[in-house]
Amino acid sequence: MSGKRTLIVAELSANHNQNLNTAVATIRAAKMAGADAVKLQTYTPDTITIDSDKEYFRIGHGTLWDGRNLYDLYKEAYTPWEWHEELFRIAREEGLLCFSSPFDHTAVDFLETLGNPIYKIASFEITDIPLIEYAASKKKKMVISTGIATMDEITEAVDACRRMGNDEVIMLKCTSAYPADVSDANLSIIPDMRERFGVEVGVSDHTSGDTVPVVAVSLGAVLIEKHFILDRSAGGVDSAFSLEPDEFANMVRAVRNAEKALGYPTYKLDEKSLQNRKFARSLFVTEDMKKGDVITQNNVRSIRPSDGISPKYLPVLIGKKVVVDIERGTPLELDMLDI
């Protein structure tokens, strides 16, 4: 028996490459790969930045997108709002939970018309307290990435949700590097985040494999988010750190196996363990004994299997007499003893 099932989310992001058919096919492939949910991003270039050639809007700092203008990047990456209703419908048709990340108030208002069930706040929006408050006011579950946040900023984000009467919060441990290295995951913070902020914790993972999700689940993560793409060779702004269907499916299997391995806290033995107690140790007569013989370390020993009395009694039985003849290889029973 296993514990709580981890929600595994396939992030569509920009991996549709501005093709609706690709977006639909990606959602269906995510279902086939074992995802529980698919996540969109709801913004336009004008709701997330402005069209400006000033240096402020030029990307640097060693990213995949160095040298690009923010507006141009988001124009390439955004998911057209007119697609959303169809994508939500396709996801529901596939039995997937579908939700989105809003990047301003108008996106929240738009998503409300679609019945969006969860609001995901991206790492770079965690300092936008008015946005968090507005999304939280809709009384939907809040999922907030912490990739660039200080401890104080995480506290402010959680407090913003609670001020709105919304305590349904999942914080995501996230390394804001694209792609991220496993050595930078710092997953040991998951239990601390859960205790310190009084919230459930998950992971938004940008590494290339399944190590981070598996370790995160072992530490109590309730949600795993991974970027998903049909084919990395097709390119796209997020392709380098997205998993293809077979890779995603392998990750899902690894997470589900980790859940099975974790189980739940119990000392009750399962049926297989009970059967295998047959091979535990017990006390056996290891030399032929006659009535009246005294038990010694040589004629009674703790050996496998478990048909005799418990080995814990051997120290107090040394020196006791047997009341019957006993052949070598016979399990020792209490009614054979003069006690």
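Before I start, one definition: a helix axis here is a line fitted to the C-alpha atoms over the stretch in contact, and the angle between two such axes runs from 0 to 180 degrees between their N-to-C directions. Please also keep in mind that what we are looking at is a predicted model.

With that definition in hand, let us take helix α6, residues 129–136, and helix α7, residues 151–163, whose axes lie 8 Å apart and meet at an angle of about 35°. The crossing of α6 past α7 is right-handed. If you want to find the contact on the screen, look for I129, I132, E133 and A136 on the α6 side, which meet E156, A157, A160, C161 and R163 on the α7 side. Sorted by class, the residues of this contact are six nonpolar and three charged, with no polar ones.

The second pair of helices is α9, residues 211–218, and α10, residues 245–262, and here the axes come within 9 Å and cross at roughly 25°. Why do we call α9 roughly parallel to α10? Because an angle under 35 degrees counts as roughly parallel, and the crossing angle of this pair is roughly 25°, α9 is described as roughly parallel to α10. The crossing of α9 past α10 is right-handed. From α9 the contact takes in P213, V214, V217 and S218, and from α10 it takes in M251, A254, V255, A258, E259 and L262. In this contact of α9 with α10 there are eight nonpolar residues, one polar residue and one charged residue.

Let me turn now from packing to empty space. Rolling a probe the size of a water molecule over the atoms shows where empty space is left.

The largest pocket has a volume of about 900 Å³, and its lining is made up of 41 residues. At least two residues each come from β2 (37–42), α3 (70–77) and β8 (223–227). By class, the lining of the largest pocket holds 20 nonpolar, 14 polar and seven charged residues.

How many cavities of 30 Å³ or more does the structure hold? There is one, and the space in the largest cavity comes to about 80 Å³. It is lined by 14 residues, and those closest to its centre are T175, A185, S204, D205 and V212. The elements giving two or more residues to this lining are β6 (169–174) and β7 (200–205), and it is β7 that has the largest share, with three residues. Divided by class, the cavity lining has six nonpolar, four polar and four charged residues.

The peptide bond joining R304 and P305 is cis, with an omega of about 5°, and P305 sits in the loop between β10 (300–303) and α12 (314–317). The other detail is S13, which has a positive phi of about 50° although it is not a glycine; you will find S13 in the loop between β1 (7–11) and α1 (20–32).

Notes. Residues are numbered from 1 along each chain as its sequence is written. This is a predicted model: local features need pLDDT of at least 70, side-chain atom pairs count only at pLDDT 80 or more; totals for chains, interfaces and linings use all residues. Side-chain values use heavy atoms; hydrogens and water are left out. On a 1 Å grid over the protein atoms alone, a cavity is a set of points where a 1.4 Å probe fits but cannot get out, and a pocket is an open set with protein on both sides within 12 Å along at least five of seven lines; lining residues have an atom within 4 Å of a point. Grid points are joined across faces, edges and corners, and a volume is the space filled by probe spheres set on the points. Helices (H or I, at least four residues) and strands (E, at least two) are DSSP runs, numbered from the N terminus. Ala, Val, Leu, Ile, Met, Phe, Trp, Tyr, Cys and Pro count as nonpolar, Asp, Glu, Lys and Arg as charged, and the others, Gly among them, as polar. Angles under 35 degrees count as roughly parallel, over 145 as roughly antiparallel, 65 to 115 as roughly perpendicular and the rest as oblique. A crossing is left-handed if the near helix is turned anticlockwise from the far one by less than a right angle, and right-handed if clockwise. Contact means heavy atoms within 4.5 Å.
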